Amino acid sequence: MFILTHVGYNRINIVPHGNRFLIGNGHLGYRGTLEEYQASESVALNIVGAYDRMGEKWRESLNAPNPFFVTLTVNNEYCDTLKKSPKNHIQRLDLKHGLFERETTFKNALIRSQRFVDKNHVENLAMKYEFTALISGQATLRAGIDHDVWDTNGPHLYETKVYMDKAISYVGVTNENQYLAVSAIIQTDFTDHPIIERKEGKLLKKFSLNVIAGQTYTATIFADVRFGNSSHVFEESEKGVLDYASKSYQKRLAEHKKTWNGLWKIADVKLKGDKDADFALRYSIYHLLTLSPTKYLTSIPARGLSGQTYKGAIFWDTEIFMLPFYHLTDPEIAKNLIRYRIKTLPGAKHKAQTFGYKGAFYAWESQETGEEACSLYNVSDAQTGKPIRTYFADKQIHISGDVALGIANTYERTQDFSLLLEGGLQVLLEVGKFYKSYATFDSQTKLYHLNDVIGPDEYHERVNDNAFTNYLAKHAAQLAVHYGHLVKRKEPKLFRAIMKKVGQKSLGGLSFFADHLYCPLPNENGIIEQFNGYFQKEDVRVETVRSRLKTANEYWGGALGVAVPTRVIKQADVVTLMVLFPDLFSNATKKANFHFYEPYTEHGSSLSACMYGLLACQI
Ligand code: BGC
């Protein structure tokens, strides 16, 4: 099954359906909203790699003005779900072709629309909007650009110019002096002389036409979105939409579908015997296919292209949870994701320096330059609304190891040596250097420790020797040494140049660090302690901790969260370690840890159940 369908209309679905029926092409994402929706209904055309900061608010990804805004009246009666309850409503997401469709019946008209974000032309999107009159009379159709944009931490766009020529275009400038242009061309199959209307943050063409009951009228909209540091983005966007509209909607759609068909040929997985699981898996694959960046050197935000939640930032989610999919389906995409980390190495080095370390400390929340986007106060108190100091940015140091692992795995998959020469090895060495500078050395035991960190389980902040982090850091240092020797053997001159850049004379120091970094072993019951002192925490289960909440949205972690004094963890931690390094642990150890940690796991992140699932498969 490749179709997600929802029948019936209910306002409570407006926001969740925006996420569920999302379409995208790795550069642009368009939420599954209806044409008559506006900022208040969370319409968003989200752009990857374009960010802006408004005052002291969180820097976040940009939503572009919406070129697919359409409303209709027939005989002065609204055909608009926000103003009239429809008689019938159905919406669909065709996963096979990245296509959104709606069909809504009102008293005077039946509306059908279909749209896609073009997989072949990443700046373009197209929509066909048609209505069948159910009564003869007068219809008014308004279509165009809605530039009253929905933002979480905006506003981000200030109008600099609008153009009404062959296309209608809106150009805005951001708080950071970047330009965003959206152009649209509206073609209709009815002859009319539209009037230009500017009101309520919209740039519209108003078509008035006489309609005959039973006849269908079609408007096709082509759009182009550009972002850049000069106002010339307008010319690019106008030219872009003219080129794009030079082929018919059907032609563009056919080409788009062809590309999607090709992707599914490689990526589809069929599960026999469980229809729901089969669909859920395919639905996840659909999202990964909509997210793959093909043209620009960007990565994949944690919330995909669904809007500004999580600031459009890139987390460890990419390397640890998504990258394996691209290794198997499209290694070129995997390499691009790695190149994004290579490109953002200066940001990681800058962050390390800011926090007083050496090497590369990757941003917990990374944007286009790799500077840290995660605020030091990342959640707020549910009762008072006051910001709570969190330590994700300063202490979640496993991020650098996640990046290192991503590089090594991608190299192993693709055997593309240029990845190592063109920055990959440098990143590995800088990551090793970072961990070494972060660690404390106990001269009595001759062991390094990584103290004051946060592991994947974010509910326990500032812990010592988190098993996941230590094993990963050790492995990262080993990777730097291993690939260092490989490059040294194959390209001695380049190796020397890379070592010079990193300011290291030999690999000996990293090798010693890797050999002497403390990694906790399973105890007498086969359990690896999540961090030093975890076993001393209160032994209660998730339900008990949940029953202690005073408010529903209270944060379980931070300084005073309900999970902090207990063994209850947010997400797979030791279990993730075992999934990533299957050869380091026996099956009995995996089994013991799975059963030990699962009852303490809240699964408060979607990164949790999947890791338990993977370990279950290994077991
Ligand atoms: C999780 C992190 C994850 C982030 C983005 C958080 O809730 O705890 O592990 O990287 O969300 O998905």
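In what follows, Ala, Val, Leu, Ile, Met, Phe, Trp, Tyr, Cys and Pro count as nonpolar, Asp, Glu, Lys and Arg as charged, and the others, Gly among them, as polar. The exercises concern a predicted model.

**Exercise 1.** Determine how many cavities of 30 Å³ or more the whole structure holds, and describe the lining of the largest cavity by class.

*Solution.* Step one is the search, which finds three cavities of 30 Å³ or more in the whole structure. Step two turns to its lining: 13 residues line the largest cavity, and Tyr 9, Asn 13, His 17, Tyr 37 and Gln 91 are the ones nearest its centre. Helix 1 (14-20) and strand 8 (88-94) are the elements that each give two or more residues to this lining. Step three sorts the lining of the largest cavity by class, which gives nine polar residues, four nonpolar residues and no charged residues.

**Exercise 2.** State which residues line the second largest cavity and how they divide by class.

*Solution.* The second largest cavity holds about 60 Å³ of space. Its lining consists of Gln 38, Ala 39, Val 43, Ala 44, Leu 45, Ala 64, Pro 65, Asn 66, Asp 146, Asp 148, Val 149 and Trp 150. Sorted by class, this lining has eight nonpolar, two polar and two charged residues.

**Exercise 3.** Identify the residues that surround the ligand, and find which side chains place a polar atom beside one of its oxygen atoms.

*Solution.* First, list the shell: Ala 302, Tyr 310, Phe 315, Trp 316, Asp 317, Trp 364, Glu 458, Lys 570, Gln 571, Ser 605 and Leu 607 surround the ligand. By class, this shell has six nonpolar, two polar and three charged residues. Next, take the polar contacts, for which the cut-off is 3.5 Å between N or O atoms. Asp 317 has a polar side-chain atom 2.6 Å from an oxygen atom of the ligand. For Lys 570, the distance from a polar side-chain atom to a ligand oxygen is 2.7 Å. For Glu 458, an N or O atom of the side chain is 3.1 Å from an oxygen atom of the ligand. Finally, consider the cover: on its own the ligand has 310 Å² of accessible area, and the protein covers 93% of it.

**Exercise 4.** Give the strand order of the open sheet of five strands, and name its edge strands.

*Solution.* The order is 7-6-12-17-16, and the pairing is antiparallel. The edge strands, each pairing on one side only, are strand 7 (77-78) and strand 16 (195-199). Within the sheet, strand 12 (residues 137-146) pairs with strand 17 (residues 202-211) over 10 bridges. One of the residues that can be followed across this pairing is Arg 142, whose bridge partner in strand 17 is Lys 206.

**Exercise 5.** Locate the residue with a positive phi, Asn 75, and the cis peptide bond between Gly 154 and Pro 155.

*Solution.* Asn 75 has a phi near 50°, a positive value in a residue other than glycine. Asn 75 sits in the loop between strand 6 (66-74) and strand 7. The peptide bond joining Gly 154 and Pro 155 is cis, with omega about 5°. Pro 155 belongs to the loop between strand 12 and strand 13 (158-164).

Notes. Residues numbered from 1 in each chain as written. Predicted model: local features only at pLDDT ≥ 70, side-chain atom pairs only at ≥ 80, totals over all residues. Heavy atoms only, no water. Pairing = 2+ DSSP bridges. Helix = DSSP H or I, 4+ residues; strand = E, 2+ residues; numbered from the N terminus. Near = heavy atom within 4 Å. Polar contact = N/O pair within 3.5 Å; in protein donor to acceptor, adjacent residues only side chain to side chain. Areas by Shrake-Rupley, 256 points an atom, 1.4 Å probe, with all protein chains shown as cover. 1 Å grid on protein atoms, 1.4 Å probe; cavity = no way out; pocket = protein on both sides within 12 Å on 5 of 7 lines; lining within 4 Å. Points joined across faces, edges and corners; volume = space filled by probe spheres on them.
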